[in-house]
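Work through the exercises below with the sequence and the model at hand. Each task is followed by its solution.

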Amino acid sequence: MSALLRIHTAIDRLSTRIGAAAGWLSLAMVLLAAANTLLRYAGRFAGQNLTSNALLEGQWYLFSALFLLAGAATLQRDAHVRVDVLYGRCGGRARAAIDLAGTVLFLLPFCAFALWVCLPTVQSSLRIWEGSPDPGGLPRWPLKLLMLGGFALLGLQGLSQALKHGLQLAGRLPLPDDDAPRGEG
């Protein structure tokens, strides 16, 4: 097995594991939202505020973490949104070439740009241990740090995709099946 294929396989394995772990965040998010809703209505009957800013912020923290951590696995499974005007009519070789070009020309530069833009914000947040501006809220710096992790994972998976499509075009991996449905993992 070539070094490029081993790198591609290792990155895919990492994305799959992180994506599976991130999937559990959706359950936590739903349970937290349900608990928050129940506490809000129970608080009305009891004449007390039973919910908090931390619970509300926890919901969107979990959503953000899910979005950032599952993006690489979504790309790896080819379950992302694609404008399929011409792509669906192409054969496997053309699909591999389109995917390689899109990854190299758009995805990888986007990830590099996102990391470059996020880095000063994350550094500033870490420097002051940024917290929520709302009373009783959660610290913000872990979520901002997660932005770097999410874009780094997406960039790594983009590298894996570029390697895969390059290996497909070189005849080292099978080309995408012409009749295979897209977006199924």
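**Exercise 1.** State what share of the chain is buried.

Solution. Take buried as under 20% relative accessible area with a 1.4 Å probe, counting protein chains only. Of the 185 residues in the chain, 32% are then buried. The model is predicted: local features need pLDDT of at least 70, side-chain atom pairs count only at pLDDT 80 or more, and totals for chains, interfaces and linings use all residues. Residues are numbered from 1 along each chain as its sequence is written, and side-chain values use heavy atoms, with hydrogens and water left out.

**Exercise 2.** List the secondary structure and judge the spread of the chain.

Solution. Helices are DSSP runs of H or I with at least four residues, strands runs of E with at least two, numbered from the N terminus. The chain has four helices and zero strands. Its radius of gyration, taken over C-alpha atoms, is 21 Å, well over the 16 Å from the globule rule (2.2 Å times the number of residues to the power 0.38) for 185 residues, so the chain is more spread out than a compact globule. Along the principal axes, the C-alpha atoms fill a box of roughly 70 × 40 × 30 Å.

**Exercise 3.** How are α2 and α4 oriented to each other?

Solution. Helix α2 (residues 53–76) and helix α4 (residues 141–169) pack at about 10°, their axes 7 Å apart. Angles under 35 degrees count as roughly parallel, and α2 and α4 are therefore roughly parallel. Among the residues that meet are W60 and Y61 in α2, and L143 and M147 in α4.

Note on methods. Axes fitted to C-alpha atoms, helices over the stretch in contact; angles between N-to-C directions. Parallel < 35°, antiparallel > 145°, perpendicular 65-115°, else oblique. Contact = heavy atoms within 4.5 Å. Buried < 20%, exposed > 50% of the residue type's maximum accessible area, 1.4 Å probe, protein only.
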